[in-house]
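Subject: Structure handover

Hello,

Here is the structure I promised you. Please open it beside this email and follow along.

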Amino acid sequence: MNNKGVVAIIELIISLVALFVAYGILFPGFSYQNRWGDASVIIKARDIILTTDRIGTLYNYSFNATHLQPFLNNVVKQNLVSWTETAGTFRSSITVACNCTVNETAFLIYWIGKVHVNDRDVTIDFVPTTLDNIYPFSDALLIVGYKNTNPYIQQIRDYMKSGNGVVEIVDFPTAASVDSDRVQTEIFGIGSQVAVPVPTYDEFMIPAVGVTSDIKYTPYKYFYHLPVTMKGNALTPCPAGCGNCPYPTILRGDFTMRTRNYSIWICNSTGVLIDTNGDGSADNSYSAGNSFSLVDGGTPYNFKLNYVESNTTIDISFRPVFQFTNFINSPQNVQPLPNPLSSRILVRGCTAGCSQTKPGVILNSSVGNVAWMANFSSQGWPAPAGHDHMELIASLLLWASNKNAQQVSLGNVKTGFLTSYINAVNKDMYEAYKFNLGLGFPF
Amino acid sequence: MKGQLSLDFYISILVFILFSMYIVLQLVNIIPTYSREVNVQALRSEAYQVSELLINDPGKPIDWYSGYADNQINRIGLSNHTIYVIQRAPGDYVLSNLTNVVSFAKITTLNSKCRIPGGYNRLKSWLGITDFQFILTLNDSSGNNLLTCLPPTIDARSTKISVDRIVSFSDNRYGVLSLQVW
């Protein structure tokens, strides 16, 4: 047998296979791919954000996705899936996990369960929790009353990892109860302080002018700008000084500050009668946007009537300079660690001339946003709470609450693009935040 | 056997010719597609640039709609220059970069200028368009047509590139500006 030809044919077949393979690699099937579809979606998202900003609806759409949808339906003809996120400011629905009693929870919801700021409603819901199993779907933790928190340090750290903050309203019975509790020393950054005289009044430590990185800046700003809600709760005859109010009987409520009640009668959406000196008669009529003063001990304290929401509800904000009647009654003083003169003191109690101070609110942000506040109640919490105390608690809770963007479930989006925009509003309070608009293809 | 070519040689030549022809045929198919796609990409880019010019440029002069003769207008844009003047100091004004806000007065003027004979071509030159045609429409959020500008004849067979831009008006309404080019 002569097999010379067999080898040549095998070589030929191998060469052909090699050529085809090489060709397939070097010259794959031609397809011209562009990303114009992606680019047009990004342009569209940018146009949507800019247009909503120009027509003044971006802030509303940022916090209310259901309002955005009709707008998107009108301007986006493609079949796109949309979603929104906000970050850098407090959410419109804040859940506070609280180790409060039922009674305390009810008080908190009544006083600060809803605030109306920059034309948006912010609901603050309080849900019961224990410290060994902190309610995970919350934005902040509120600890009311003394408790040895040392065993829960890991739970609190884990809770704060996702951006949640903690506020505690606590008086400590002894120096050891502060100094031996690692939650207090490591997370809140506080320790015991030697005895100082009982303060006569409490005041804010003013943040450095123009320094927004000052830890006191945000809660200080919230206190002096966040409108606190006051509800009329008693139908009464129109008081002396009723003026132009046409109704013989109107709703009266009490605005409480510095442990004094000031009657406010809500006549209608434009007329609110206020007893500014606590003598029981209406001294003047105000409408939304007006400023007024309430006098205590001869000293006027400034306020602004931000909103008259209805004939039952109004919103009032504090204005500088406000002083609390002393609420720092703790038998054991505390101070920020390590420096007693720390800039982390938000509220301090003063004796005459403020030569000796006693911290009333201490902030810390080394782990996350946390605040210790002296227990303002001397008669069993929450009495004698006033709007001033509640405004302070609301300010601390909003400051401490989680401000990260909430994760959105995007189950039916194949490809999506997120467009970010920094927006700012300044109706009641300067508020800057990041708005993300996502547009994506569903298939 | 000198002068005779082997069977291997014939087969090799045949394979070489077949592959060469295959590659040439592939290139003949690819080049027009590639060329067409490049042209479409260029058109898309031009369409976007024209849309950007229309909604974010006030034109030159910026009040070109207010009684200027056609030969005095260098460039047109619909951006509302009247509401984005900010004052840095008393007497010191500067244009802020308020994008996506268009002027009703400019829309109306552009609409009327496009409808007069020769207006479309004049509009093309004001927008710096030389080598493609366009259709421009602007509808408000209620569906009312505020602007339509199109050439005297439209080639129905050509591939048209569309760009939609969302714009706002000075009265806090909004609309969609659509630009088709080919």
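Below is what I found, topic by topic.

**Confidence**

This is a predicted model. Chain A has a mean pLDDT of 89. In that chain, 95% of the residues reach 70 or more. Confidence in chain A is lowest in helix α1 (residues 4–26), where the mean is 75. It is highest in strand β22 (residues 370–373) of chain A, at 97.

**Domains**

Chain A is divided into three pieces: domain 1 (36–89 + 408–441), domain 2 (93–225 + 324–400) and domain 3 (233–311). Take domain 1 and domain 3 of chain A: their C-alpha centres lie 41 Å apart.

**Where the chains touch**

How many residues does each chain give to the contact? Chain A gives 18 and chain B gives 23. On the side of chain A, the elements that give two or more residues are α1, α2 (36–54) and α4 (65–75). Helix α2(A) has the largest share, with six residues. By class, this side of chain A has twelve nonpolar, four polar and two charged residues.

Look next at strand β21 (residues 357–364) of chain A. It is mostly covered, and eight of its eight residues are buried. It pairs with two strands.

- Strand β20 (residues 345–350) of chain A pairs with β21(A) in the antiparallel sense, over five bridges. One place to look is A:Gly349, whose bridge partner in β21(A) is A:Lys358.
- A hairpin of five residues leads from β21(A) to β22(A).

**The cores**

In soluble globular proteins, nonpolar side chains tend to be buried together. The largest nonpolar core in this model has 91 residues. Those with the most contacts inside it are A:Leu142, A:Val272, A:Ala371, A:Ala394 and A:Leu397. Helix α10 (residues 387–400) of chain A gives the most to this core, nine residues.

Why does this core lie between domain 2 and domain 3 of chain A? Both domains give residues to it, so it lies between them.

Which residues does A:Ala394 touch, not counting those up to four places away in sequence? They are A:Ile112, A:Val115, A:Ile124, A:Leu226 and A:Val228. Another core lies apart from the largest one. It has 40 residues, among them A:Leu439, B:Trp64, B:Ile161 and B:Val176.

**A helix with buried residues**

Now find helix α9 (residues 217–225) of chain A. Its buried residues are A:Thr218, A:Pro219, A:Tyr220, A:Tyr222, A:Phe223 and A:His225. What covers them includes β8 (201–204), β17 (313–318), β20, β21 and α10 of chain A.

**Backbone exceptions**

Most residues other than glycine have a negative phi, and most peptide bonds are trans.

Start with the cis peptide bonds. One joins A:Pro320 and A:Val321, with omega about 0°. A:Val321 is in the loop between β17 and β18 (323–325) of chain A. Another joins B:Lys60 and B:Pro61, again with omega about 0°. B:Pro61 is in the loop between β1 (59–60) and β2 (75–76) of chain B.

Then the positive phi values. A:Asn118 is not a glycine, yet its phi is positive, near 50°. It lies in the loop between β3 (114–117) and β4 (120–128) of chain A. A:Arg258 also has a positive phi near 50°, and it too is a residue other than glycine. Its place is the loop between β11 (249–257) and β12 (260–266) of chain A.

Is A:Asn118 buried or exposed? A:Asn118 counts as buried because it has 20 C-beta neighbours inside 10 Å. A:Arg258 has 18 C-beta neighbours inside 10 Å, so it counts as partly exposed.

Best wishes

Note on methods
Residues are numbered from 1 along each chain as its sequence is written. Chains are lettered from A and ligands numbered from 1 in the order in which they are written. This is a predicted model: local features need pLDDT of at least 70, side-chain atom pairs count only at pLDDT 80 or more; totals for chains, interfaces and linings use all residues. pLDDT is the predictor's confidence in each residue, from 0 to 100. Helices (H or I, at least four residues) and strands (E, at least two) are DSSP runs, numbered from the N terminus. Two residues are in contact if their C-beta atoms, placed from the backbone, lie within 7 Å. Ala, Val, Leu, Ile, Met, Phe, Trp, Tyr, Cys and Pro count as nonpolar, Asp, Glu, Lys and Arg as charged, and the others, Gly among them, as polar. A residue is buried if 20 or more other C-beta atoms lie within 10 Å of its own, exposed if 12 or fewer, and partly exposed in between; C-beta atoms are placed from the backbone. Two strands pair if DSSP finds at least two bridges between them. A nonpolar core is a set of buried Ala, Val, Leu, Ile, Met, Phe, Trp, Tyr and Cys residues joined through C-beta atoms within 7 Å. Domain bounds come from an automatic or database domain assignment.
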